[in-house]
Amino acid sequence: MPPPGLPVMTPEREVEADYDSVGLSLKAHPFRFLRDDLRALAVVSAAELATLPDQAPVRIAGLVLVRQRPATAKGTLFITLEDET
């Protein structure tokens, strides 16, 4: 008897399932599917940051990889973000 047919997962759902199970995906980065919506909100990618003038105000978004608050940093929080670029 053949196994029951299951609906095909969308690429977005496949990446989501990968992150849910192992914390990463080799198929795509989750922000790949959000970039059009982020552009509409004037959110720039990490790759675009290098093209902007110094001290330009920006909006950014990404997965938080690391948060550090060293005792010597006087309350400063350092965050490492990752996006699809």
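Helix α1 is followed by glycine 23, whose phi is positive, near 85 degrees. Helices (H or I, at least four residues) and strands (E, at least two) are DSSP runs, numbered from the N terminus. The model is predicted: local features need pLDDT of at least 70, side-chain atom pairs count only at pLDDT 80 or more, and totals for chains, interfaces and linings use all residues. Residues are numbered from 1 along each chain as its sequence is written, and side-chain values use heavy atoms, with hydrogens and water left out.

**Helix α1 and backbone angles**

- With twelve residues, α1 reaches 16 Å from its first C-alpha to its last, close to the 16 Å expected at 1.5 Å a residue; the expected span is 1.5 Å times one less than the number of residues.
- Most residues other than glycine have a negative phi.
- Glutamine 55, although not a glycine, has a positive phi of about 65 degrees.
- This glutamine 55 sits in the loop between α3 and β1 and is exposed because its relative accessible area is 83% (buried means under 20% relative accessible area, exposed over 50%, partly exposed in between, with a 1.4 Å probe and protein chains only).
- Lysine 74, another residue other than glycine, has a positive phi near 55 degrees.
- The loop between β1 and β2 (78-82) holds lysine 74, which counts as exposed at 81% relative accessibility.

**Salt bridges**

- The structure holds six salt bridges, each defined as a side-chain nitrogen of Lys or Arg within 4 Å of a carboxyl oxygen of Asp or Glu.
- Side chains of opposite charge can pair when their charged atoms come close.
- One of the salt bridges joins the side chains of arginine 13 and glutamate 16 at 3.6 Å, N to O.
- Arginine 13 and glutamate 16 are separated by about one helical turn, because they are three residues apart in helix α1.
- Both ends of that pair are partly exposed: arginine 13 has 36% relative accessibility, and glutamate 16 has 44%.
- Another salt bridge links the side chains of glutamate 14 and lysine 27 at 3.9 Å, N to O.
- Glutamate 14 lies in helix α1 and lysine 27 in the loop between α1 and α2, so this pair ties together parts that are 13 residues apart in sequence.
- Glutamate 14 counts as partly exposed at 27% relative accessibility, as does lysine 27 at 49%.
- A salt bridge of 3.1 Å, N to O, connects the side chains of arginine 39 and glutamate 48.
- Arginine 39 is partly exposed, with a relative accessible area of 45%, and glutamate 48 is partly exposed at 26%.

- Serine 25 is placed in the loop between α1 (11-22) and α2 (35-40) and counts as buried at 13% relative accessibility.
- The side chains of serine 25 and aspartate 18 make a polar contact of 2.7 Å (a pair of N or O atoms within 3.5 Å; within protein, one must be able to donate a hydrogen and the other to accept it, and residues adjacent in sequence count only if both atoms are side-chain atoms).
- A polar atom of the serine 25 side chain also lies 3.1 Å from the backbone nitrogen of lysine 27.
- Leaving aside neighbours within four places in sequence, serine 25 is in contact (heavy atoms within 4.5 Å) with Val15, Asp18 and Tyr19.
- Histidine 29 is in the loop between α1 and α2 and is buried, with a relative accessible area of 12%.
- The side chains of histidine 29 and glutamate 82 are joined by a polar contact of 3.0 Å.
- Not counting residues up to four places away in sequence, histidine 29 touches Val15, Tyr19, Leu63, Glu82, Asp83 and Glu84.

**Loop between α3 and β1**

- Threonine 51 lies in the loop between α3 and β1 and counts as exposed at 64% relative accessibility.
- A polar atom of the threonine 51 side chain lies 2.7 Å from the backbone oxygen of glutamate 48.
- Valine 58 is in the loop between α3 (46-49) and β1 (63-68), and is partly exposed at 41% relative accessibility.

**Nonpolar surface patch**

- Leu49, Leu52, Val58, Ile60, Val64, Leu77, Ile79 and Leu81 form a nonpolar patch on the surface, with about 610 Å² of accessible area together.
- Patches are made of residues with over 30% relative accessible area and no salt bridge; like charges are joined within 9 Å, nonpolar side chains (Val, Leu, Ile, Met, Phe, Trp, Tyr) within 5 Å.
- Accessible areas come from the Shrake-Rupley method with a 1.4 Å probe, and for residues only the protein chains shown count as cover.
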